[in-house]
Amino acid sequence: MDAVPVLDLDPLIDDRGTRIIVCCGAGGVGKTTTAAALGVRAAERGRRVVVLTIDPARRLAQSMGIDSLDNTPRKVEGIKGSDGGELHAMMLDMKRTFDEIVEAHADPDRARAILDNPFYQSLSAGFAGTQEYMAMEKLGQLRARDEWDLIVVDTPPSRSALDFLDAPKRLGSFLDGKFIKLLMAPAKVGGRAGMKFLNVGMSMMTGTLGKLLGGQFLKDVQTFVAAMDTMFGGFRTRADATYRLLQAPGTAFLVVATPERDALREAAYFVERLAAEEMPLAGLVLNRVHGSGAARLSAERARAAAENLEEGRIVDQGGGKTERSGSPATEHEQSDLATAAAPPVPEAAPTADPAQESDVDVRHLTAGLLHLHAERMRVLSREQRTRDRFTALHPEVAVTEVAALPGDVHDLAGLRAIGDRLAAGRTASP
């Protein structure tokens, strides 16, 4: 890891030119916690921050001491901000955001007709890509208000990194009128031929919309298109504007991953896609990295020492070889082994049975701890190989590592601790 550039996050969040930070990556890698911790740290360093999360588990609200989050930014109390620093947080309500678009771009009567339309209700609640698109729509709204000088976005969990980047274009293409006009064609043709044509077109739709096939569905489509006809171009325009916003110099992408093969494979794919789309990548946050305070004691020596104890053999506490021929011991390993593995040997062996049983218990306990240490070292070795594969493919990507914590983060103090680790600007201790 010595040749890998180190990601230093404090200069990024202190830079007033940084207006948007997007945390992206596979699901379950800690994106929500990372986004929240960055928001807390930035606010306490003087920024006016809003964190937009898409996390349905509501962990962000709990960790920030808020009963619940909704589509309206809410101020987080307890932030020790300097120079006017504040933190607000919100959770995307996908359908409500879509409703707000309709209400903002249609007169009251037309807006009500659209909001009550069954086709619109299915589209706004279940169309593939709607959540990702609405996250970016909300981002555009927040940026346009200029109330906050830093927006931190926790992107939706998705199977593919492409979903987030493609959603604005995909939904914009759907709503620009071309596909809607295709669905409107049967109404103009009429009869069985029209319904046959409708069925061909509907084979392209998602399961949610497919359930609405039939005459009533066709009527709903007609009503929907008639009401929204003047708005389709606006969706396309805003989708393009959002995409340009993601490419702007004031935006920084942070790819979040864990040191696991699948997570880093998707992270590498995302890094390549961001480069292809000319979007500004700040670096990789490698989350939940394991470490050990006795890394000098190798897995092989720990395992061998445990076997010696279990078999009743004496572990050599001095120099030289201990348990296996052809396995020389370094001075550090000898020291760790003597400290961690060997129980004290009394000058005179006690004859009482309780003392003998106690000695056996200590040996078994020590052997168990040595086995745990050997397993931990195996995990460390696997994580290191996985990191090395990623950095070999992308040596230009700056990396910061966050050590694994024993439990979940539940409050601001925990988020501050994560922020400290994020901003440390170095790899996790071995």
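Tutor: Let's begin with lysine 95, which is partly exposed because its relative accessible area is 29%, and the scale calls a residue buried under 20%, exposed over 50% and partly exposed in between (1.4 Å probe, protein chains only). Please keep in mind that this is a predicted model, in which local features need pLDDT of at least 70 and side-chain atom pairs count only at pLDDT 80 or more, while totals for chains, interfaces and linings use all residues. Residues are numbered from 1 along each chain as its sequence is written, and side-chain values use heavy atoms, with hydrogens and water left out.

The partner of lysine 95 is aspartate 99: the two form a salt bridge whose closest N and O atoms are 3.4 Å apart. The term stands for a side-chain nitrogen of Lys or Arg within 4 Å of a carboxyl oxygen of Asp or Glu. Side chains of opposite charge can pair when their charged atoms come close. Both residues belong to helix α4 (residues 94-105), and their 4-residue separation is about one turn of the helix. An α-helix has 3.6 residues a turn, so residues three or four places apart point the same way. Helices (H or I, at least four residues) and strands (E, at least two) are DSSP runs here, numbered from the N terminus. Aspartate 99 counts as buried, because its relative accessibility is 10%.

Elsewhere, salt bridges that share partners connect Asp10, Asp14, Arg41, Arg45 and Asp420 in one network. The whole structure contains 23 salt bridges. One of them joins the side chains of arginine 45 and aspartate 14, at 2.6 Å from N to O. This pair links distant parts of the chain, with arginine 45 in the loop between α2 (31-44) and β2 (48-53) and aspartate 14 in helix α1 (residues 9-14), 31 residues apart. Arginine 45 is partly exposed at 35% relative accessible area, and aspartate 14 is also partly exposed, at 32%.

Arginine 47 has a salt bridge to aspartate 149, where the closest N and O atoms are 3.1 Å apart. Because arginine 47 sits in the loop between α2 and β2 and aspartate 149 in the loop between α7 (130-145) and β5 (150-154), the pair ties together parts that are 102 residues apart in sequence. Arginine 47 is buried, with a relative accessible area of 1%, and aspartate 149 is buried with 17%.

Now back to helix α4, for a contact between rings. The structure holds 1 aromatic pair. It consists of phenylalanine 98 and tyrosine 120, arranged edge-to-face, with 5.2 Å from centre to centre and 75° between the planes. Phenylalanine 98 lies in helix α4 and tyrosine 120 in helix α6 (residues 118-126), so the pair ties together parts 22 residues apart in sequence. For such a pair, the ring centres of Phe, Tyr or Trp (its six-membered ring) lie within 6.5 Å, and planes under 30 degrees apart count as stacked, over 60 as edge-to-face and the rest as tilted. Phenylalanine 98 and tyrosine 120 are both buried.

In helix α5 (residues 108-115), the residues Ala111, Ile114 and Leu115 are buried. These three lie on the same side of α5, because they cover an arc of only 95° around the axis, taken from the directions from the helix axis to the C-beta atoms.

Finally, the nonpolar interior. A nonpolar core is a set of buried Ala, Val, Leu, Ile, Met, Phe, Trp, Tyr and Cys residues joined through side-chain atoms within 4.5 Å. The largest has 94 residues, and Met64, Leu87 and Leu284 touch the most other members. Beyond its neighbours within four places in sequence, methionine 64 is in contact (heavy atoms within 4.5 Å) with Ala36, Val40, Val76, Leu87, Ala89, Leu412 and Leu415. Another core, of 11 residues, lies apart from the largest one, and its members include Ala299 and Met377.

To place all this in the whole, the protein has 18 helices and 8 strands, and buried residues make up 50% of its 430 residues.
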